[in-house]
Amino acid sequence: MTAQAHKLCMLGDFGVGKTSLVARFVHSTFSDKYLTTIGVKVDTKEVALDAGDVCKLVIWDIAGRSHL
């Protein structure tokens, strides 16, 4: 079994759903409550690949920025 690790950075304006997308993917949950990310939130998830390999994803949910 080969282990790979990759970092993903979720970037975008505030309020577009970055945190909701990460929560759905990592924890299989969804909340319709809006919570602003302060700074950065880091989650990890291991994903099984073909041939028995595993990929560890380190997901950085970076706070959005307003352009107003």
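Where is the place of Leu 21? Leu 21 belongs to helix H1. The views below come from a predicted model.

**View 1. Leu 21 sits on helix H1.** Leu 21 has a relative accessibility of 53%, so it counts as exposed. The cut-off for that word is over 50%. Arg 24 is exposed as well, and both residues lie on the other side of H1 from its buried residues. Ala 3 is 18 residues away from Leu 21 along the chain. Their C-alpha atoms are separated by 24 Å.

**View 2. Helix H1 has a buried face.** H1 covers residues 18-27. Its buried residues are Lys 18, Val 22 and Val 26. Seen down the axis of H1, these buried residues fall within an arc of 45 degrees, so they line one face of the helix. The general rule behind such a pattern is simple. An α-helix has 3.6 residues a turn, so residues three or four places apart point the same way.

**View 3. The buried residues of H1 pack against strands.** Which strands do they pack against? They meet strand E1 (3-10), strand E2 (40-48) and strand E3 (54-62).

View 4. How many disulfides does a search of the whole structure find? The search finds zero. A disulfide needs the two sulfur atoms within 2.5 Å. Seen from the other end, Cys 55 is in no disulfide, and its nearest cysteine sulfur is that of Cys 9. Are these two cysteines buried or exposed? Cys 9 counts as partly exposed because its relative accessibility is 42%. Cys 55 has a relative accessibility of 8%, so it counts as buried.

**View 5. Lys 7 lies over the face of Trp 60.** The distance from Lys 7 to the ring centre is 4.4 Å.

**View 6. Lys 45 sits over the ring of Phe 25.** The charged end of Lys 45 is 4.6 Å from the centre of that ring. What about rings paired with rings? The structure holds zero aromatic pairs.

Conventions:
Residues are numbered from 1 along each chain as its sequence is written. This is a predicted model: local features need pLDDT of at least 70, side-chain atom pairs count only at pLDDT 80 or more; totals for chains, interfaces and linings use all residues. Side-chain values use heavy atoms; hydrogens and water are left out. Rings of Phe, Tyr and Trp (its six-membered ring) pair if their centres lie within 6.5 Å; planes under 30 degrees apart count as stacked, over 60 as edge-to-face and the rest as tilted. A charge sits over a ring if NZ of Lys or CZ of Arg is within 6 Å of the ring centre and within 35 degrees of the ring normal. Buried means under 20% relative accessible area, exposed over 50%, partly exposed in between (1.4 Å probe, protein chains only). Helices (H or I, at least four residues) and strands (E, at least two) are DSSP runs, numbered from the N terminus. The arc is that of the directions from the helix axis to the C-beta atoms. Contact means heavy atoms within 4.5 Å.
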